[in-house]
Amino acid sequence: MTDIDRKASRRLVLALVLAGLAVASLGLLGAGDQVPFQTVAESSDFQATSRYGDVLDFIAKLKKASPHIRVETLCRSAEGRDVPLLILGKPLPDRPERMKGDGRLVVYIQANIHAGEVEGKEAALMLARAMLFAPRPLYLDRLVVLIAPIFNADGNERISPDNRREQAGPAGGVGVRHNGQNLDLNRDSMKLDSPELRGLVANVLNRWDPDLVVDCHTTNGSYHQEPVTYSWPLNPNGDPAILRYQRDKMLPAIQKALGETYGTLAIPFGDPADWRDMEKGWATFSHHPRYVTNYVGLRNRLSILDENYSYADFKTRVLGCFNFLRSILDYCAERTDEIRSLVQAADERTIRIGNAPSAEDGFALEVEVKPLPDKITVRGYEMEIIPREGTWPEIKKTDKERTYLLPYFADYVPKRTIRRPYAYLIAGADPDIVAALRRHGLAVERLTAPARLDVEAFKITALKAAARLNQGHWTSEIKGDYQAETRAFDPGTIIVRTGQPLGSLACYLLEPASDDGLFFWNYFDRYLVPQWGRGFETCPVYRLIEPAPLETAPKN
Ligand SMILES: [Zn+2]
């Protein structure tokens, strides 16, 4: 080192110390703070969003500056882009097995699944920078944080000002909703058609087993003043303790802290139950596990849907999302033991129920939505309703602010429940079906000896294909009844026990009448009608209700 080098390096150290002090005083390292390098959103004064190359450049800078980050590949997209998965921790776990007994929670933040909804991408990059550059490591001694900032990379690269024109910026345009195969990735969690969802399940959920998943979006439609909206996992077949904890404790506390600590208002996600009359209530989205956050709930893990308000300007949305992510991590870092126990108890409960299911242990085949006991406050606007002869009225938002106290339709309750079986038996060992089950991470076995068993067989009474293609599928709606019978099963028959951590997911995938399972998504279509003649075949999936000794081996 020369003297000049030494002086230069001292100046650099001084600059970093000063930057650190600035950071320490603001504590955020968000936009406006003195930061070592900027996102595209920041450097364009929130007129543009990052392209794939910009994201990779930003990640390279993070890696160069810090030993506490590593990058894995979540998947290769249809168009050949490697989708980056950031791993942040201090110490940085070099592989997930090292997390055993670590004591830290694993939190996974996913952004840009709909690539027209881009503020999560910018906010997640800012968050990674904040965690690595804060004077003391933010969170990373308590949490290992995984971030997929650009989950739908192919959709992102179709940036155009013509996309999502109703959204308030960025002026430079955003990407499209679908991936490189024209699939909506937030409808793919059960059928797993896309490389992105297969990568999410294999390389994030099965590999790192995050305790919490956060999925970042932007709203479509409803009018309100709060820049952040959110949801918990909605499907009642997920672990009820996790659902209640998130709904009744965690998210109200995060909403409160988000307002008090960061000055960002939030409400639960929704749309007017009836656009013509706001007073009728606020309604959440669907219970289906094809949505990522609902799917994670069905896997007994915590999940949060983040929906940022489409009509807020881009800077407000990015900072709102950033603050929301901070509030979530603040909450988790304070309650690592509580959340870890919740998740462990959910797995143990699912295994225990599956190993000895009683008549009370049900699986909800049909659900309906009811209002929650407490109303919610929505800071909205007066709406102008202009009647139109013989058709839907014209509905306009006025500029007059109005606060509504509304029933919130977000309580999905079982409408038709069946008993949870001990195991499912699948005759035929179709490799596509076995692969689909294994892809989710389910333990799949095969019979090694003939077995004669008392089972329930599903007799189809009606089979209806959708009149319109849905995500590339003519989905099948199946109706029928279970009949008890004693039946001989050959060696090679596939066994999926429900006494495993993913037991609820197994039920959802394998019940013939399930509204989001493998029957619905056409995996079993070829087995449902006879080659000759009329009527229906018996479904090849049988329910073994009572525990029975089974001679099995893992199915590879
Ligand atoms: Zn979305």
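1. D516 is the place to start: at 0% relative accessibility, D516 counts as buried, where buried means under 20% relative accessible area, exposed over 50% and partly exposed in between (1.4 Å probe, protein chains only). This is a predicted model, in which local features need pLDDT of at least 70 and side-chain atom pairs count only at pLDDT 80 or more, while totals for chains, interfaces and linings use all residues. Residues are numbered from 1 along each chain as its sequence is written, and side-chain values use heavy atoms, with hydrogens and water left out.

2. D516 forms a salt bridge with R290, and the closest N and O atoms are 3.2 Å apart. A salt bridge here is a side-chain nitrogen of Lys or Arg within 4 Å of a carboxyl oxygen of Asp or Glu. D516 sits in the loop between α12 (503-510) and β20 (538-544) and R290 in the loop between β9 and α8, so the pair ties together parts that are 226 residues apart in sequence. Helices (H or I, at least four residues) and strands (E, at least two) are DSSP runs, numbered from the N terminus.

3. Is R290 buried or exposed? R290 is buried, with a relative accessible area of 10%. Its loop runs between β9 (282-283) and α8 (292-298). A polar atom of the R290 side chain also lies 3.1 Å from the backbone oxygen of D515. Not counting residues up to four places away in sequence, R290 touches N186, R187, D188, S189, M190, N470, D515, D516, F520 and W521, contact meaning heavy atoms within 4.5 Å.

4. Helix α12 is mostly covered, with 8 of its 8 residues buried. These are G503, S504, L505, A506, C507, Y508, L509 and L510.

5. The whole structure holds 46 salt bridges. In one of them, the side chains of R349 and D239 meet at 3.0 Å, N to O. R349 belongs to helix α10 (residues 336-355) and D239 to the loop between β6 (228-231) and α7 (240-262), so this pair ties together parts that are 110 residues apart in sequence. R349 is partly exposed, with a relative accessible area of 25%, whereas D239 is buried at 4% relative accessibility.

6. K397 and D399 form another salt bridge, with the closest N and O atoms 3.5 Å apart. K397 is partly exposed, at a relative accessible area of 32%, and D399 is exposed, at 69%. Salt bridges that share partners also join E117, R164, R177, D184 and R187 into one network. Side chains of opposite charge can pair when their charged atoms come close.

7. Which residues touch the most other members of the largest nonpolar core? Of its 146 residues, they are Y108, I109, M131, M250, L437 and F524. Helix α9 (residues 314-334) gives the most to this core, with 11 residues. A nonpolar core is a set of buried Ala, Val, Leu, Ile, Met, Phe, Trp, Tyr and Cys residues joined through side-chain atoms within 4.5 Å.

8. Leaving aside neighbours within four places in sequence, Y108 is in contact with residues including L74, L85, L146, F151, L200 and V214. A second, separate core of 14 residues includes Y422, L425, A548 and L550.

9. The largest pocket contains about 610 Å³ of space. Its lining consists of 25 residues, and K100, W208, D209, R301 and D347 lie nearest the centre. Helices α6 (195-208) and α10 each supply at least two lining residues. On a 1 Å grid over the protein atoms alone, a pocket is an open set of points where a 1.4 Å probe fits, with protein on both sides within 12 Å along at least five of seven lines; lining residues have an atom within 4 Å of a point. Grid points are joined across faces, edges and corners, and the volume is the space filled by probe spheres set on them.

10. R165 lies in the loop between α5 (153-156) and α6 and counts as exposed, at 63% relative accessibility. The C-alpha atoms of R165 and G116 are 10.0 Å apart in space, and the two residues are 49 apart in sequence.

11. E260 is in helix α7 and is exposed, with a relative accessible area of 59%. The C-alpha atoms of E260 and I418 are separated by 45 Å, and the residues are 158 apart along the chain.

Terms used. A polar contact is a pair of N or O atoms within 3.5 Å; within protein, one must be able to donate a hydrogen and the other to accept it, and residues adjacent in sequence count only if both atoms are side-chain atoms.
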